[in-house]
Amino acid sequence: ELESHNDFFDGVVNIIPARLYVAGHSGDDAYNVKYNKGQHKESKEAKKARSKIAKREKFDPEKVETTLETKRRLRQEQEEEEDSDNDSD
């Protein structure tokens, strides 16, 4: 019964886009205009090219990652960082 509940909630979490559910590492904040006040503006051509590449990568079926996969990857990266910090001490 517990496994069925766990599977249900995993399914619900996978319905939510990872960029809304998992904080950080999304890259969306870096390109939001309201956070770039006082910085140099890029040309229209550069913005179009960057936008086109980002959209192509976003909808690439080979790079699709579910919310749970994203959380696992971020947790693993965090653990690796902690391990490397402990090794350097």
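Guide: Gladly. Start with Lys 41, which counts as exposed at 82% relative accessibility. Keep in mind that this is a predicted model.

Visitor: Why is Lys 41 called exposed?

Guide: Exposed means over 50% relative accessible area. Lys 41 has 82%, so Lys 41 counts as exposed. Lys 41 sits in the loop between α2 and α3.

Visitor: Which residues form the positive surface patch?

Guide: Lys 41, Lys 44, Lys 47 and Lys 48 form that patch.

Visitor: Which residues does Glu 42 contact, leaving aside neighbours within four places in sequence?

Guide: Lys 47 and Arg 50. Contact here means heavy atoms within 4.5 Å. Glu 42 lies in the loop between α2 (18-21) and α3 (44-58).

Visitor: Why is Glu 42 called partly exposed?

Guide: The partly exposed class lies between the buried limit of 20% and the exposed limit of 50%. Glu 42 has 37%, so Glu 42 is partly exposed.

Visitor: How many salt bridges does a search of the whole structure find?

Guide: The search finds 1 salt bridge. Glu 77 forms a salt bridge with Arg 73.

Visitor: How do you know that Glu 77 and Arg 73 form a salt bridge?

Guide: The cut-off is 4 Å between a side-chain nitrogen of Lys or Arg and a carboxyl oxygen of Asp or Glu. The closest N and O atoms of this pair are 3.2 Å apart, so the pair qualifies.

Visitor: Where do Glu 77 and Arg 73 lie?

Guide: Both are in helix α4, 4 residues apart. That is about one turn of the helix.

Visitor: Why are Glu 77 and Arg 73 called partly exposed?

Guide: Glu 77 has a relative accessible area of 28%, and Arg 73 has 29%. Buried would need under 20%, and exposed over 50%. Both values fall in between, so both residues are partly exposed.

Visitor: Which residues make up the negative surface patch?

Guide: Glu 79, Glu 80, Glu 81, Glu 82, Asp 83, Asp 85 and Asp 87. One of them, Asp 83, is in helix α4 (residues 67-88).

Visitor: What makes Asp 83 partly exposed?

Guide: Exposed requires over 50%. Asp 83 has 47%, so Asp 83 is partly exposed.

Visitor: Which residues form the nonpolar surface patch?

Guide: Phe 8, Phe 9 and Val 12 form that patch. Together they have about 310 Å² of accessible area. Phe 8 lies in helix α1 (residues 2-15).

Visitor: Why is Phe 8 called exposed?

Guide: Phe 8 has 54% relative accessible area, over the 50% limit, so Phe 8 is exposed. Leu 20, in helix α2, has 61% and is therefore exposed too.

Visitor: How far apart are Leu 20 and Thr 67?

Guide: They are 47 residues apart in sequence and 9.3 Å apart in space, C-alpha to C-alpha.

Visitor: How many helices and strands does the protein chain have?

Guide: The chain has 4 helices and 0 strands. Along the sequence the pattern reads α-α-α-α. Of the 89 residues, 8% count as buried.

Terms used: Residues numbered from 1 in each chain as written. Predicted model: local features only at pLDDT ≥ 70, side-chain atom pairs only at ≥ 80, totals over all residues. Heavy atoms only, no water. Helix = DSSP H or I, 4+ residues; strand = E, 2+ residues; numbered from the N terminus. Buried < 20%, exposed > 50% of the residue type's maximum accessible area, 1.4 Å probe, protein only. Patch = residues over 30% accessible without salt bridge, like charges linked within 9 Å, V, L, I, M, F, W, Y side chains within 5 Å. Areas by Shrake-Rupley, 256 points an atom, 1.4 Å probe, with all protein chains shown as cover. Lys, Arg positive; Asp, Glu negative; His and termini not counted. Charge placed at Lys NZ, Arg CZ, Asp CG, Glu CD.
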